[in-house]
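Work through the exercises below with the sequence and the model open. Each task is followed by its solution in steps.

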Amino acid sequence: MNLPEVKIEDLLESGVHFGHNVKRWNPKMNEYIYGVRNNIHIFDLRITLEALNAALVKLYETVNKSGKVLFVGTKKQCSEIVKDIATEYNQFYINKRWLGGTLTNWKTISNSIKRLDDLQNLLNDNESINNLSKKELLELSRERDKLLLNLGGIKDLGGKPDLIVIFDIVKDKIAVLEAKKLNIPIVAIVDSNADPDPINYLIPGNDDAIRSINLYADYFKQTMKEASENADTKESKDEEKK
């Protein structure tokens, strides 16, 4: 297992150590806090480094065993980054809106996914399009686009993921609740205003700054790349033995 080297200098440079204003903190995060500067909580990056490495090990193991990883980040700063990570490594994402019951009511979600597939097939068929009025075509296109926005990243998920990675557990608290209910392990960035208790592999650090988000994303990508390549190598060796 060759994980990316996490350096305190890189965490520092990317602003991972900056928490929220002291007024907005969650006391449960106390053990991860180094101190206070200008009324801002400062994370202990030695703890963050260890926690980040543990989270990367879990991500590596999941991908290496061909597990399904669902990346969640619906706030503006990380929306495109989340999509980029998942699509590059054939994983799954939700980056616009978490629909209640996305995991706990999969039957309803799969009906919506089927509707999305049907609409895409219909709108890709020239003969069908020719039989529609402009108004019908516009309405169906809008319905497809809305479904694609909310479900495009999970339409091939097929049910429960093996791991969920959440970039902001306050913003996407419903995702946390649903994952816990289904016993899906959670890797998450946990800022000083959040409750760390439900998270299996927490990464204490800034969840707002673009530089911090990009750094986490880079570590995730490097880890998945290594895990995928090692899985392919193992598969090739197993084939040779047959």
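**Exercise 1.** Find which residues asparagine 95 touches, leaving out those up to four places away in sequence, and decide whether asparagine 95 is buried or exposed.

Solution. The model is predicted. Start with the position: asparagine 95 sits in the loop between strand E5 (92–94) and helix H4 (106–123). Next, list the contacts: Gly73, Thr74, Ser79, Glu80, Val82, Lys83 and Leu149. Finally, compare the areas: the relative accessible area of asparagine 95 is 4%, and buried means under 20%. Asparagine 95 is therefore buried.

**Exercise 2.** Classify isoleucine 113 as buried or exposed, and name its contacts beyond four places in sequence.

Solution. Isoleucine 113 is part of helix H4. Its relative accessibility is 6%, so isoleucine 113 counts as buried. Its contacts are Trp106, Leu151, Ile154 and Lys155.

**Exercise 3.** Which residues of strand E6 (residues 163–166) lie on each side, and with which strands does E6 pair?

Solution. Side chains in a regular strand alternate between the two faces of the sheet. In E6, Leu163 and Val165 are on one side, Ile164 and Ile166 on the other, and all are buried. Strand E4 (residues 69–72) pairs with E6 in the parallel sense over 4 bridges; there, valine 69 has leucine 163 as its bridge partner. E6 also pairs with strand E7 (residues 186–190), in the parallel sense over 3 bridges, and isoleucine 164 stands opposite isoleucine 186. From E6 the chain passes through helix H7 (residues 173–181) to E7, a right-handed β-α-β crossover.

Terms used
Residues are numbered from 1 along each chain as its sequence is written. This is a predicted model: local features need pLDDT of at least 70, side-chain atom pairs count only at pLDDT 80 or more; totals for chains, interfaces and linings use all residues. Side-chain values use heavy atoms; hydrogens and water are left out. Helices (H or I, at least four residues) and strands (E, at least two) are DSSP runs, numbered from the N terminus. Buried means under 20% relative accessible area, exposed over 50%, partly exposed in between (1.4 Å probe, protein chains only). Contact means heavy atoms within 4.5 Å. Two strands pair if DSSP finds at least two bridges between them. A crossover is right-handed if, with the strands pointing away from the viewer, the path from the first strand over the helix to the second runs clockwise.
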